[in-house]
Each structure stands twice: as structure tokens, then as C-alpha cells.
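Hi,

Here is the structure I said I would pass on.

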Amino acid sequence: MPALAERLSRVSVSASVIMTIKARELAAQGIKVISLASGEPDFPSPPHAIEAAHQAALAGDTKYPPQDGTRRLKEAVQRKFKRDNNLDYALDEIMVTNGGKQSIFNAFMATIDPGDEVLIPAPFWISYAEMAKVAGGVPVTINCPQNNGFKLRPEDLDAAITPKTKWVMLNFPNNPTGAACSRAEMQAIAAVLMKHPHVWIMTDDMYEHLIYDGFEFCTIADVEPRLKDRTLTVNGASKTYAMTGWRIGFCGGPKALIKGMMNMQGQATAGVSTISQAAVAAALDGPQDLVRERAEEYRQRRDLVVEMLNAAPGISCHKPEGAFYVFPNIAGCIGKTSKGGRKIETDSDFAMALLEEKYVATVQGTAYGMSPYLRISYATNTENLREACGRIQEFCRELS
Amino acid sequence: MKLIADRLDRISPSLTIAMTAKARALKAAGKDVIGLSSGEPDFDTPRNVKDAAIAAIERGETKYTDVAGTTELRKAICTKFKRDSGIDYTPEEILVATGGKQVIFDALVATINPGDEAIIPAPCWVSYPDIVALAEGTPVIVQCGQNAGFKMTGEQLEAAITPKTKWLILNNPCNPTGAAYNAAELKALTDVLMRHPHVWIFTDDIYEKLAYDGFKPATVLEVEPRLKDRTVTMNGCSKAYAMTGWRIGFAGAPISLIKAMDKLQSQSTSNTSSVSQAAAVEALTGPQESIEDMRKVYERRRNMVVDMLNAAPGLRCHKPEGAFYVFPDMRGCIGKTTAGGKKIETDEDFTIALLEEAGVATVHGAAFLSPGHFRISYATSDAALSEACTRIQKFCAGMK
């Protein structure tokens, strides 16, 4: 085996993937494992999207797509940005990618030279940092503590920006905390960025439609239109329409950036599956009632989970505005010993003992850059959630 | 701070895309253009494959899969490698990617450090050197002329290997020449490789099924199984099953390399569309008759195109063993002037004048690192091919 490329040795395998695999191994032994580790909606894809996929296959829409996406889907994305975000993007300012992940990968690979810094508010989806590293960049995290609702404070952002800052990542509603930003909060962030014209902004709005209690989503290029010419707005079909397996992400941004990203994607994968593109065009243009109905279902689950977790000794769970995650603090459990005799020194110890003793899979906060926390995905049915939270309560009660 | 990273400057702009764009513009302006520039089967995806995709959607196979692909598809790929080439791979030695292109990207970006060399026989698909350059490696181009049937000899390979050689990239049958290696020809190369244990081999066998006159293209591990611990055997569904738009490529390789490729892919796109993966299972394991039906048609077209091109003054067209391309030598036209008054100094002048004056879109040889030729794809109807070749004959006959 030749030594792997240096760039790859900087990259680690995602902890949520490791937990999911571990949970699957236990399940394969016949154990009833409840997984709260995966960031994937449990709902089916919308029927009109499925129908559009059928039609596309039968009609022979099975040829190489343009590298930046089919015209049909790009027009649907254009309408979506206008309808949901009040953003006007021309067709050459839009591109379609294999999942939202590839939008971010393309942007980093197309723009980051060695040593460029990427500012990432923490806790954060670990892939942001890993992708920045693959591209030779330096991830720099900005702590967003629980006592501020896991939100980015403008003064912290301002202090973190250096002459080497190339990108700032924004992800609200956030994976893993569920925290979202109000318009006023976003305006304060935008005001900082207006002072630093060399900084580019990437906003990952994947959880846009999963937001509760009347909280209103906003995105930075709409809140501060003067930032639009250095903002990449990333979104996709996975979370909103429960279409993870179809692998469709998309983004809007300045033409020069999109062109560079297209060059990058042209070398990595070329175009995206035509069948998936047809399905997502239908999802974006079709009736949106399902999205609202599901958001209401998620809200009920969130309320259930937050309440039950707060009843577990040693856990303190913030109630977030959106996404389908909660990020409970487990500081009260550290230093104790589980019923099975495992010493809990870290959140990794907690997550592993919880999986091995109570068969509930979660992901440790350290995988998202903040300890001692757990990430719990409530994208599973109420019965499972109730059972899982009951097991967590029991696990905590039995700590000594 | 400039926006675009240095790595993108290392990639040459795609000349194929430039030609396609020009042809599209002429067509849009109402000109009668016959396109012979695209490397895509004109057949539709087989019905059984489409039905399998639809059935998978109905079963709800629309969720994330393992990054490396579903177990079912990886098993089907093992079956395919065993059945077609006698190679034993386990599912852990298989990775599924978004098109063959991503397999190349994953393998090269995961392994190449700055200054590592990759030997590429030319004429070649330009994505190989581009991806090598993107990964900061050095493409080492070995010219294999028409007189050698566009094939590399053992001596040429031996002379090109240095201590810095990391990869040899083979493409059998080849885009753009259609040249293919049988077992005896390949043995000459594998004998050299056995003497240089530091060299890894990437073999792109995507055109495997398209070979004529009873020719059997061989793959490296069929010929020399002892190279298995340093060979990537790449294949896909695009060409054999007319599934370009579905974006399914795959590879068999040693586990350590597959793991590294999996890690990189987990940070760029994750899994390939679950629906496309289900379609690929049916393509690989269902009835295979459609391949032979398509192959026969391609063979008839190849014979017609080669005969007609050799009747054009100034052209000399080698009859290749496979793929759906021919790569005629046009140097007999250099120095002449077209009927439209254009002086032909290069292969690019030739293809542009051919497009503008005769309405036939092809790609010039420099786009495949072999000037003095042009590429014709015969993956289009017999009628269109016959008309296009007649136009080429007239175009050449009209030169002075």
C-alpha cells in the first residue's frame, strides 16, 4: 500500500457513522437497538416526487445531465429561492450537486488555498471541518455556548476574523443543536461581516423548513442583500422532503464562484442523477402541505424528548427552535459509574455505555466540537422516542 | 484575496465542452448540425432496469445507504467481476461512486501527494491528467501512435517508470481511439509491472462490453492475478447498459485503498443515489441480452464509419477493436484551404471548419493530448452517421 495522500490523513471518519454501524452490529445480534444517531427523516419521499421519478425513467430521461443541473430543476430551484427566501438568482448562479455536502465540498475545493481559514460556529456538523481540511484549509471554531442558546454572538465572530479568513460557515437551524437565528440576530451577524469585505459566507440552510412555535427562518443574503455577492446559499431536498437517498443538494451564489465550483464538480463526479433531479423538481414545485404537516409532527416529538430528557437526573436539555435534534448537556453524569460498571469520564463514555447497556444509539457531543453533550435525533417515531428516552432516564437513575 | 484556489488553475478548460457548446449555439441558431462529439450511447436504458428502479422507489429505498454502496449492489458487482473476468472480490473490496469519474477522483485524490507521477498512455480521456493535476501530481504522458494501434508497448512503459511513479492509468478499450488490449498485449505490460512493485495500476474498463470482430479485451487481474494487491479495477453501468444519466461507477480494489476512497467520498458526496443503485443491481444481475443487441449495432456502425472516412481525401482512419469511437488522422489536410476559405493549420482548425461549413460536430485530437487527429463518436443512428460521413467526405474533397 502506498502512503495515502497527506490530505486524507488529516480527515477522520464521522462519529455518527461509527455509532450507526455499531448500532447495526448490535441489531444484527438480535438486540432491539433504538437509533437516535442518524440525521435522516423517517418519513417517505413525497408521492408526487416519486411519480415524477417514474415518469422520467419511462420517458428515457436517462442521459448525461448538464454538469450544473437540468434546466428543469434549476428553474425550480430558482423559484424556490424566490418563494421561500426572497432571493433572486439567475440560472447561471445556481448549481445542483450530489447532496448539500457536495455544494460545500465544491466551494471549499474551488476556493481554499493552503492555510486559508474557515470559521465554524461550534457545535457544528463535523463534515464542515473535514472538508476544509481536505481542501488544505484550517478550520477555526467559534464557541456558541448553551447559555446563549447555542447561537453565534457577533462579538465572538468579530474577534475570530483574521486576514486569513476565507469563509464563515452559518448553519441555523443547526445540526447538532437545533438552534435557529432570528432576523435581528442575523442582522447583527451581517453587520460584523459588512466590516470584513474579504470574508465569504456559506450558509447551510438544509433545515430551513424544520422550525417550530412560529419562529421565522431567515437567510443572510436576504437579511443583508449587500452580502449576496459573497454568499453561497446552500440547501437541498434531503431534510425538507425526506429525500436523503436521492442525493440532491443545490446552491445559489455569485457566478464566478459557481463557475469555479462547476469546474471542480466536472472533475469529481460530473452531473447528478437525472431521475433524482426530476423527482426533486416535482418536490420543489409541488404542494408544500406535507412539509408543514411534518414540521408539526417534529415539534410534538421535540417537546416530548426535551421534557423526558430534563426528567433524567444529571441531564439538562435546552429546547431549540428547529431541525430534528436536541443537544442535552450531561455534565451532571460525568464522574459517575453506570450500572454495568462503566466509569463515565466523557460524553463518549456516556454514549458508548448507553448503547451497550440500554441499546440506545446517540452521538457524543465531542464529535460536534462541544463537550459534555449528546446529540439526539428525534427523526424517528413517537413510540421509539418514548421508549428510548425512558431507557435514558433509567440509565441516568442507575448511575452512582 | 482572490476567490479561486490555485488547484483549479492546474486544470485545463474542457475542450470537449467548448466544442459541444459551439455546436449547441449553431443548432440554436437554426443550423442543421449532426453531433458526433458526445461519448454517450444513443440507446435508452433497458426496460427491466427502469422497472427495478421504480420498484425500489415503491419499496421506500429512498434513504441514505452506506457510503460505499448497498450490500446488495456490492454483491452484484462481485458477481459481475467473477462472471466477466474471473476476479474474486469480496463486498468489502468494492466501492460504488457517482459515475466512473468519481472512482478515479476518489482513488487519485486519496493517494497522490505533490510530485507523485501517474503514467497515462495517450491519446487519452483528458480527465485522467486533469484529476492527477488537481491532486497535485504530475501526469506523465506516453504517446502511442496510430501505427502502434494506439497501444502502449512494454518498452514504453518500462522507460516511463521512475521512483516517483505512483500510478499507471489504463483505459481498455480506450476513449478516444477505441483501441483495446487482449490478454497477450496486456501481458507485455503486466510483466513490466511485476518488476516495479511500487507502481499501482488503475484500469478503467468502462467500455469492456463494446468490442468487435470477436476481440476480447482483457483486464489486468485476469492476466496477472499477482497484481491484485495494487490494482484498481474500475467499471460502471453507463456505457454497457446505456445508463449515463443514472451515474453509477464502481471499483474493486484492496480493502485499505477502498477504505481510504470511502473516507474521501464520505466527505465529498456520501452515497450514490439509492434509486440508481437499485437500478444497477438489476442491470448487472438481470438479463444481459441488451448488451449484445447494442454491441452488434455499434459494430455495424464502426465498419461503415471507418470505410467512409478512409474514402475521404487526407484522412486515414484506423479500425479499432472497441468502444464507440474512431480517431482518424487528419494530418493529410494540414496546409490546405477549405471551400469556405479557411486555412487548416491544426486539428482544431479542421474541426471548427467542419462544424461551421459542413454542420458536423466532432472533437479535435488536442483535447485528448494527441493533435493531428479528431474523435468521432458513432453512438448515434446509422442514418445520421452516414449523412455525417458523406459531409466529411465532401468537406475534405472540397479542400485545396
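To start with the interface: how many residues of chain A are in contact with how many residues of chain B? The count is 75 from chain A and 67 from chain B. Keep in mind that this is a predicted model, so every value here is computed from it.

Together the two chains bury about 5,600 Å² between them, and 57% of that area is on carbon and sulfur atoms. On the chain A side, Arg7(A), Tyr64(A) and Gln267(A) are the ones to click on: they supply 13% of the area that chain A buries against chain B, more than any other three residues.

The peptide bond between Ala122(B) and Pro123(B) is cis, with omega about 5°, and Pro123(B) sits in the loop between strand 3 and helix 6 (127-134) of chain B. In chain A, the bond from Ala122(A) to Pro123(A) is cis too, with omega near 0°. Pro123(A) lies in the loop that runs between strand 3 (117-122) and helix 6 of chain A.

One more backbone item: Asp213(A) has a positive phi, near 60°, and is not a glycine. You will find Asp213(A) in the loop between strand 6 (200-204) and helix 9 (220-223) of chain A.

Last, a helix pair in chain A. Helix 5 (residues 99-111) and helix 6 (residues 126-134) pack at an angle of about 35°, and their axes are 9 Å apart. The crossing is right-handed. Helix 5 of chain A brings Lys101(A), Ile104(A), Phe105(A), Phe108(A) and Met109(A) to the contact, while helix 6 of chain A brings Ser127(A), Tyr128(A), Met131(A), Ala132(A) and Val134(A). By class, the residues of this contact are 8 nonpolar, 1 polar and 1 charged.

That's the lot from me.

Cheers

Notes: Residues are numbered from 1 along each chain as its sequence is written. Chains are lettered from A and ligands numbered from 1 in the order in which they are written. This is a predicted model: local features need pLDDT of at least 70, side-chain atom pairs count only at pLDDT 80 or more; totals for chains, interfaces and linings use all residues. Side-chain values use heavy atoms; hydrogens and water are left out. Axes are lines fitted to C-alpha atoms, for helices over the stretch in contact, and angles run from 0 to 180 degrees between N-to-C directions. Helices (H or I, at least four residues) and strands (E, at least two) are DSSP runs, numbered from the N terminus. A crossing is left-handed if the near helix is turned anticlockwise from the far one by less than a right angle, and right-handed if clockwise. Contact means heavy atoms within 4.5 Å. Ala, Val, Leu, Ile, Met, Phe, Trp, Tyr, Cys and Pro count as nonpolar, Asp, Glu, Lys and Arg as charged, and the others, Gly among them, as polar. Buried area is the accessible area (1.4 Å probe) that two parts lose on being put together, summed over both.
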